[in-house]
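Q: I'd like to learn how to read a few features of a structure. Could you walk me through some of them?

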Amino acid sequence: MKILVTGSAGFIGFHLCRKLILKGYTVVGLDSINNYYDTKIKLERLKILKKLSKKFIFKKCDMSNLSPVKKIFKKYKFDQVVNLAAQAGVRYSIGNPKAYLDSNLVGFFNILDCSKQFKIKHLIYASTSSVYGNNSKLPFAEKNHADHPIQFYAATKRANELMAHSYSSLYNLPTTGLRFFTVYGPWGRPDMALFIFTKNILEEKPIDVFNYGKHTRDFTYIDDIVKGIIKIIDNPATSNKNWNSDQPDPATSNVPWRIYNIGNNKPILLMDYIKALEKTLDKKAIINYLPLQLGDVPDTCADTNNLKINFSYKPSTPVFHGVSNFVTWYKNYYQE
């Protein structure tokens, strides 16, 4: 099988590509290598992938530019596409919305339209738990509506889900959207909390803890995320034969379109997460408590029953173990 993975130099994309290569797939990775965060770590991820196998082919490309994207689709004739490329970051979207317009809307449209044109068997794409927005009922379930995003990042991801549905409906293109819940682990993004906390604690600098530490988050280890994606790759979206337009299920359709939460289903307090980090580092954090930030939600928790029922998916990495793995990688990477 030949698979296109967009965002292949990114955190999740890198780990997915590595697993697919080890499973024997031919993987074409696409990434713009933008400077949202230090490109050094992106280039080092790619270096690892290139060393793994000649079955990994990398193409530097900005998805918002249709012409090179189309040429890549035409040349490689993919069986499936996993779209992980996006402008990430909830807070960054508040001050820089146009970056999300270009990457998450125009870029996604180009991938979607090429998938239709070149008759891709299955398009999988990254969504986010942030689409649940102002919902306060926990756990967040796919059957709940996701029509009140509280920042532009979430709005673009919800738009992706709706754009995909229209193409599944018009062109019978199987599409599956995955709502990720707070992914963490080795080779993570330097703008993410675990990375920043680790760096600052080791350097004996304060860490900013918003909402006075009262957040709960459904932290999900990267290996569990990749395991779920691979299960879905092997099972293209199908229509729900029992779908009822009088009582529509927001996660399925009468066309080959599906939405799944992919998370740990075991939320923990942010302060407990920090304690796990302190224990692993054997060092206390200097904490600067701050109010809830604009665009943040207090709590997240994934209802993953649909993924469990359909794919026997069950995350298996306890948070302390995942944090410990990250710290080991971080110290090796930075030679602390």
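Q: Why does Ser239 count as buried?

A: Happy to start there, and keep in mind that this is a predicted model. The general idea is a cut-off: buried means under 20% relative accessible area. Ser239 counts as buried because its relative accessibility is 17%.

Q: Where is Ser239 found, and which residues is Ser239 in contact with, leaving aside its neighbours within four places in sequence?

A: Ser239 sits in the loop that runs between helix 8 (222-233) and strand 11 (257-262). Beyond its neighbours within four places in sequence, Ser239 touches Ser253, Asn254, Val255, Pro256 and Arg258. The side chain of Ser239 also makes a polar contact of 3.2 Å with that of Lys241.

Q: How should I read an aromatic pair, such as Phe326 and Tyr330?

A: Look at the distance between ring centres and the angle between planes; angles under 30 degrees count as stacked and those over 60 as edge-to-face. The structure holds 29 aromatic pairs. In one of them, Phe326 and Tyr330 are 5.9 Å apart centre to centre with 40° between the planes, a tilted arrangement. Both residues belong to helix 11 (residues 319-334), four residues apart, or about one turn of the helix. Phe326 and Tyr330 are both buried, and they belong to one aromatic cluster whose members include Phe14, Trp187 and Trp329.

Q: What volume does the second largest pocket have, and which residues are closest to its centre?

A: The second largest pocket has a volume of about 260 Å³. Among its 14 lining residues, Asn264, Asn265, Lys266, Lys314 and Pro315 are the closest to the centre. By class, its lining comprises six polar, four nonpolar and four charged residues.

Conventions. Residues are numbered from 1 along each chain as its sequence is written. This is a predicted model: local features need pLDDT of at least 70, side-chain atom pairs count only at pLDDT 80 or more; totals for chains, interfaces and linings use all residues. Side-chain values use heavy atoms; hydrogens and water are left out. Helices (H or I, at least four residues) and strands (E, at least two) are DSSP runs, numbered from the N terminus. Buried means under 20% relative accessible area, exposed over 50%, partly exposed in between (1.4 Å probe, protein chains only). A polar contact is a pair of N or O atoms within 3.5 Å; within protein, one must be able to donate a hydrogen and the other to accept it, and residues adjacent in sequence count only if both atoms are side-chain atoms. Contact means heavy atoms within 4.5 Å. On a 1 Å grid over the protein atoms alone, a cavity is a set of points where a 1.4 Å probe fits but cannot get out, and a pocket is an open set with protein on both sides within 12 Å along at least five of seven lines; lining residues have an atom within 4 Å of a point. Grid points are joined across faces, edges and corners, and a volume is the space filled by probe spheres set on the points. Ala, Val, Leu, Ile, Met, Phe, Trp, Tyr, Cys and Pro count as nonpolar, Asp, Glu, Lys and Arg as charged, and the others, Gly among them, as polar. Rings of Phe, Tyr and Trp (its six-membered ring) pair if their centres lie within 6.5 Å; planes under 30 degrees apart count as stacked, over 60 as edge-to-face and the rest as tilted.
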